[in-house]
Amino acid sequence: MAVLKTESLKKYYGKDPNTVKALDGVDLEIQEGEFVAVVGTSGSGKSTLLHMLGGLDTPTDGKVIVGGKDISGMTDEQLTIFRRRNVGFVFQNYNLVPILNVYENIVLPIELDGNTVDKGFVENIIETLGLAEKKTNLPNNLSGGQQQRVAIARALATKPSILLADEPTGNLDSKTSQDVLGVLKMTSTRFHQTMVMITHNEQIAQLADRVIRIEDGKIFAAKGR
Amino acid sequence: MRNNNQPIVRNLSKRSFLANKSRNIFALIAIVLTTVLITAVFTIGISLSDGMRQMLIHSYGRSTEVDFQYLTEDEARRVAEHPLIEEYGLSRLITVTAEGVFRQAQGEIHTADENFAGFTFSKPTTGRLPEAEKEIALTSWILDAMNLPKELGQVVHLDFEVAGTPYSMDFTVCGFWDSDLNLQPYGILYIADALADKLLTGVNPAQTRLGDGYYGVTKLTANIDGTLSELEENVDTILQDTGIDPEGAGVLFNGAYNTTGLDNGIIAAMALIIAIILVSGYLLIYNIFYISVMRDVRFYGLLKTIGTTQKQLKGVVNFQALLLCAVGIPVGLLLGYLLGVMLIPVLLSFLSIDYMPAPPNPWIFLLGAALALFTVLVSCHGPAKKAGQVSPVEAVRYTGLAAAPAKKTKRGSGGAKIPRMAWSNIFRSRKKASLVIASLSVGLILFNIVYTLVGSFDVNKYLQGHINGDFLIAGTDYFSFARPYTPSRTLSEDLLSDVKGLDGVQEVAKVYYANGFAPIEGKIKDGLINFQRGRILAEKPSLTEQEIEQIIEKTDFGAYGDFIDAQVYGFDSYWLDKLEENMIEGTFDREKFLSGDYLLLGFDGQGMVRVGDTVTFSLDDKDGEKRSYEIMGRVDYRALNSLSAHFISVPGFSVYLPSSGFESLANPDIMSATVIAEEAAIDRLQTEIGILLADHPEVDFRSRVDYIAEMKSDNQQFALIGFTLCAVILLIGILNFVNTTMTNIFSRKQELAMLQSVGMTARQGKKMLVLESIYYMALALLVFVTVGYGVSHFAVNTVTQGSAAYTYQFTFAPLVICFPVLLLLACVLPVRMYKSISRDSVVQRLRENE
């Protein structure tokens, strides 16, 4: 069953005659548990696609259907709540909250939702990501790889069905990149999550079940493995 | 090596300046407000001190720097011709009289030239100085006291003696002027030289000035060349050159010039207020520039990367500040001056200063501008340095959001809850937080001080100083304060019994008054000698004990007329409780007091009489029957002001007798009668008493309501000034808060977007920001409640010290007034800001800095 689906998805920025067609009619289906890599040159629209899938941005035209629900018509408030319950984001620049320590950063989305933290689960993630020693550290005292792991842990903490990663290894050296990717792949398998990852590194893309190539806002070719 | 880089620094500054619109607006407002406050305080302070100096000069009775009091005519001529004398006036003292209307305030008969009259504020405002033998010019209150209309041509009869020869003469009034009896407690009368020559025939001033009446001595009052600091030296030179004996000449420097002109109290108050203004201005301007530099840190880092020096970067910041000053300071000066000018009349009337101060001089503007500029430059120093020290590498990564750098870990796990996050956010930049909190608290504390001061005004205490019942009935003189009260016998028993007969009147309580004559003998003589010693010491502190004794030995106490004044009050039994309440020495025994052999002491003549002494005096008449009383105790006469004649006689003392002691007199004087009425009848009685007194134009009355109204207007004037000043300071605090909050939220645009991306809803985001603001306010309030109340208590007590009408009153009102306003601001502002940054989509905001 397709957990993520777009129908002639369009996102235009700016006004005529300077319209930028970031996405220009994208039809896409991603199955539950699938690991998809999105590749493309910069400005090709891959980040826009990811933002659309996660409900961070609203489409100009077309539909985004997540778990059978059309999210393109939701209000900002509804989208935010939808996001924190169903989608985990991992960004290139980690985006940790500087005033919160590692543990607090990880449980932030749960707390925001007003839920009690499933401590066993969170501890499990922390353990899995090798952050047990750093729980009380503030982000500015962590290395880039460690910060990205915290971001991954945060994305996983709410047990989202979908994990969206925007160049998660873009700021990391190759050794750490391997590390982080390994962790991502392991957790997504372990927690049975669908993962969409943006990268421009073909090598990394090879790890995915499927690679989608985007150019000029359109899916150029999709190849399975 | 010098190079010409000024233009490029200036150009960069201008560009940076134009790019910081909202910062500029805030900084400009801050500079204007600070300058306004400084200028207003200077304008007010300097005008006030000028008004006070003028009042002081008037109270010293002359505007000239020095008097040579006891010269012979020949000596006076020599002094007048001395080159160091800039300008002078001459007067001859003929005699002094204490007869008739001059009983309470002696009359001094002089001749005077135009200059002298001018220098001593005694130039006739109506008419002119005397020329013919029978002409006289005098202070206008003498005419009032003699029950003569204030008109030229009136005939004035005077009894006086010159060197032992008594005279009784009629004069025609040729001129008069008004003088404030409170400042000049004597009457001046000017006669023509022609008559003076006749009266002084055979009198040798060189003789009389040795302490024998001073008949015919010439007084020369003069301004001396040179500065005030050289004054004493110059006068010594004059005396040496003219060969005049300094002791005999009676050189008297004008005390009004002794002080620097500014009252110490005013200097202290002004310094304190200016300090508070400077601090709050500094807090605001510093914070504005600090935040602005932090925001532009990448810009400065970039400039440094491409080769801008530290000095040039400092220049960029300072130049922008100066640019703002160029606009802000002139505007501030103008507005501050206008504000000051608007408040001065209010303040003057509040302090009962009648003299309109000279127009403020340019110093105010120079000083105000200098201080404002100084504040701005000091405020910018830190931020400018910061801009110069920016590390180009770090600047690129800097987001203005770093957590406290020293902290590496944070305990606990509950911090992801919104209130906890908000709390942590406040302390991300402790500096910013403390500045805002300090700035807000200063405003609040000041507001509290003024409010407490106004609130501590004790209506009852104030009223007790004026009225002790519902209505006060007395002769019109009694209310006028134009001159010391003298028994006028205008209030009759008949009239009072009519008042008592009015429906609703519960009590008519009388106070009798008489001038008592206490012979100078025994303890009173000792007291008088002590008094004299004190006076000499005050005038010439350099004298030794022995020299003073010599002078006292020479003193003829006959000048006081063998008697000193005893002010005798007779209190109706209604007032006995009041006397008992205000006892400060001895015990009050009602029965003994009513027996008539005892009395209570009020003013003790500066130690002249004491509790336990027996005093003897006659009432109303020097030669009347004398009675002796034992002094049973002493009461605080100040507390009984509303029942007194409103003055004390020096040398002299005042005592309280039961009214029975007066009722036996042939024609006792009822000075005042206080009506105590039923609450419900007061409005009606106001009219009825008015009607009853309509037939008695010489009698007047005041009601409690009148005094309350008067008090309210006084208090309102004070409140107006106080609240104007602290409103501006509070505004500075609020501005600081607004600026910090706005820039803070703006610089966290990306972080907020990130929070939103991981699931913080707009509602939660707003909640967090509002909570942050509320915590700021709460902290400011905490400082206010802990430090502020202490400071207020201290300040209010210091200010009201010695003023009978104040009782410190703790009040929550400023809190209650300010809190909702601050809370509203704390709620509205972040929500507004959040909305304004939310106009861009989450994605756009996330990408902004990438």
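In chain B, β16(B) and β17(B) form a hairpin, with six residues between the two strands. One residue of the turn, Asp620(B), has a positive phi of about 65°. This is a predicted model.

**Strands around β17(B)**

Strand β17 of chain B covers residues 626-635. The table lists strands that pair with β17(B).

| Strand of chain B | Residues | Sense relative to β17(B) | Bridges |
|---|---|---|---|
| β14 | 583-586 | antiparallel | three bridges |
| β15 | 598-601 | parallel | four bridges |
| β16 | 614-619 | antiparallel | five bridges |

Individual residues show how the strands line up. Met583(B) stands opposite Val635(B) of β17(B). Leu599(B) has Ile631(B) in β17(B) as its bridge partner. Opposite Thr614(B) stands Glu630(B), also in β17(B). In a regular strand, side chains alternate between the two faces of the sheet.

**Where chain B touches chain A**

How many residues does each chain bring to the contact? Chain B gives 37 residues and chain A gives 34 residues. Together the chains bury about 3,000 Å², with 58% of that area on carbon and sulfur atoms.

Two salt bridges link chain B and chain A. One of them joins the side chains of Glu77(A) and Arg763(B), at 3.9 Å from N to O.

On chain B's side, the elements that give two or more residues are α15 (418-426), α27 (749-757), α28 (762-800) and α30 (842-847). Which of these elements gives the most? α27(B) does, with six residues. By class, this side of chain B has 13 nonpolar, 14 polar and ten charged residues.

Conventions. Residues are numbered from 1 along each chain as its sequence is written. Chains are lettered from A and ligands numbered from 1 in the order in which they are written. This is a predicted model: local features need pLDDT of at least 70, side-chain atom pairs count only at pLDDT 80 or more; totals for chains, interfaces and linings use all residues. Side-chain values use heavy atoms; hydrogens and water are left out. Contact means heavy atoms within 4.5 Å. Buried area is the accessible area (1.4 Å probe) that two parts lose on being put together, summed over both. A salt bridge is a side-chain nitrogen of Lys or Arg within 4 Å of a carboxyl oxygen of Asp or Glu. Ala, Val, Leu, Ile, Met, Phe, Trp, Tyr, Cys and Pro count as nonpolar, Asp, Glu, Lys and Arg as charged, and the others, Gly among them, as polar. Two strands pair if DSSP finds at least two bridges between them.
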